[in-house]
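Subject: Structure handover

Hi,

Here is the structure we discussed.

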Amino acid sequence: MKNHDYLLKCTQLIEDKMQSGPSGDWIDYHYTKLHEQIFEVTKTSISVRTLKRIFKVNDNYEPQIATKNAMAQYLGYKDWAFFLKENFDNDPKPSESPAPVIKPEITTGNRRPKVVFFAAGALLLIILIVGVKLFFNRPNVIFNVKNTLGHAPLTAAISYDLSNLDYKNAFIDFGSGGEYKLLLGPKGELTYQYKTPNFYKIRLIADGRVFAKNTVDVQTNGWVCYVGNNDQNARVVTDSNKFSDKSSLYFAPSIIGGLNINTKEEYWVDYRNIKNFHVDGDQMTVEFRLRNSQDMGGFDCFDTSLEFTGESGRGRFKFVKPGCTQFADTEFGDTQLTGNFHNLSSLGVDLSKWTVVRIETRNKTSMVYINNIFKYKTVYNVPIGNIRGLFCRFKGSGQLDFIRVYDQQHHLIYGDEFNH
């Protein structure tokens with residue numbers, strides 16, 4: 001078989017795992033999500049651009065073996081060779097080989113395996129010595145980022161020095177959804193332009209290990225809207241008169257069509273407010289009153305994502321129409337759940353009428369309530385941290401009536417009724 005067939009099989013399996021529909025209908029959001037998931041599993045970064053080329057399964061494009069290994073590992077295989085053997089080889093699968101039978105050691109009398117205790121103690125001592133040595137002999141890596149606060153477009157200036165580090169490959173992940181720069185030398189300078197408001201986490205990575213981090217805070221003056229069919233024709237709209245009816249945030253399809261965005265095809269309306277909200281994302285309450293229906297301009301399963309990003313992580317619940325919950329998902333800290341592999345039926349909600357969605361976080365547990373009725377909770381370990389951005393994302397022209405943010409003592413920290 002040709003490499004084309006191997007890649008086609010691999011992409012089909014990834015589509016099944018992603019459960020985001022056919023890749024031919026994907027937008028940059030889906031490729032970004034896949035990029036992040038592959039890196040989370042394999043510590044290998046495959047850019048959004050490369051993923052797009054792979055999923056078009058162009059006969060003339062052959063990914064590098066490291067890329068194919070990462071895709072196979074994301075699917076649960078040891079590497080690309082194992083993927084080929086499992087799917088295209090008629091020989092018995094390695095996983096089907098009988099496990100060796102280990103006979104228990106028979107001891108007599110009161111003999112104790114003292115040597116085992118001595119060996120274990122020696123091993124622990126060696127690990128401790130090596131760990132201390134590594135800690136006090138960490139390589140001196142220089143990573144500086146300037147111009148990290150402002151409004152879009154914002155160009156960050158980056159300098160790095162890996163001269164004291166022994167590595168094979170290094171790159172900078174700009175935190176913008178799969179955009180990264182492979183570093184051709186151990187020392188250098190570069191710039192990167194951030195065109196969309198967000199709180200970005202930029203990382204210096206060498207051989208799969210993160211050596212340095214920084215943030216770039218591209219803020220907004222209040223609420224803005226990121227709207228488009230895909231990232232190729234999407235744009236940031238800052239004039240609230242276009243997406244406000246004076247009592248709510250609502251971007252009417254007729255106005256969106258005037259921006260050369262095809263409203264007869266699927267499009268996304270993404271409201272966001274990027275600033276320092278001065279509230280702990282792990283001990284807070286956020287309330288949204290919203291609706292998303294076909295008569296307003298919604299599509300299919302009426303996907304509605306409510307999200308907040310923090311200095312350490314982010315929290316998100318994605319709601320869909322009941323019956324579409326295979327497309328629901330949630331992410332809090334290090335916990336990511338999708339409707340394809342988990343029962344997220346509680347996130348199937350009819351949002352065609354005005355609905356109040358409340359998200360509470362307490363002690364690394366997030367809970368969601370619909371009209372004051374408890375629906376779902378998830379537990380996580382990695383903290384979200386201080387909140388730096390709020391998002392409300394609709395498939396189609398959804399409507400946001402108000403948003404309120406409370407701290408742990410239920411003091412109102414931020415509120416907007418959009419009635420101006």
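R314 forms a salt bridge with E36, with the closest N and O atoms 3.4 Å apart. A salt bridge here is a side-chain nitrogen of Lys or Arg within 4 Å of a carboxyl oxygen of Asp or Glu. R314 sits in strand β15 (residues 314-319) and E36 in helix α2 (residues 28-42), so the pair ties together parts 278 residues apart in sequence. Helices (H or I, at least four residues) and strands (E, at least two) are DSSP runs, numbered from the N terminus.

This is a predicted model: local features need pLDDT of at least 70, side-chain atom pairs count only at pLDDT 80 or more, and totals for chains, interfaces and linings use all residues. Residues are numbered from 1 along each chain as its sequence is written, and side-chain values use heavy atoms, leaving out hydrogens and water.

R314 is partly exposed at 21% relative accessibility; E36 is too, at 34%.

R393 is buried at 15%, and D270 is buried at 5%. The salt bridge count is 19.

Now the sheet. Three strands form an open, antiparallel sheet in the order β1-β3-β6. Strands pair if DSSP finds at least two bridges between them. Eight bridges join β3 (residues 154-161) to β6. A156 has Y192 as its bridge partner in β6.

Best wishes

Definitions and conventions:
Buried < 20%, exposed > 50% of the residue type's maximum accessible area, 1.4 Å probe, protein only.
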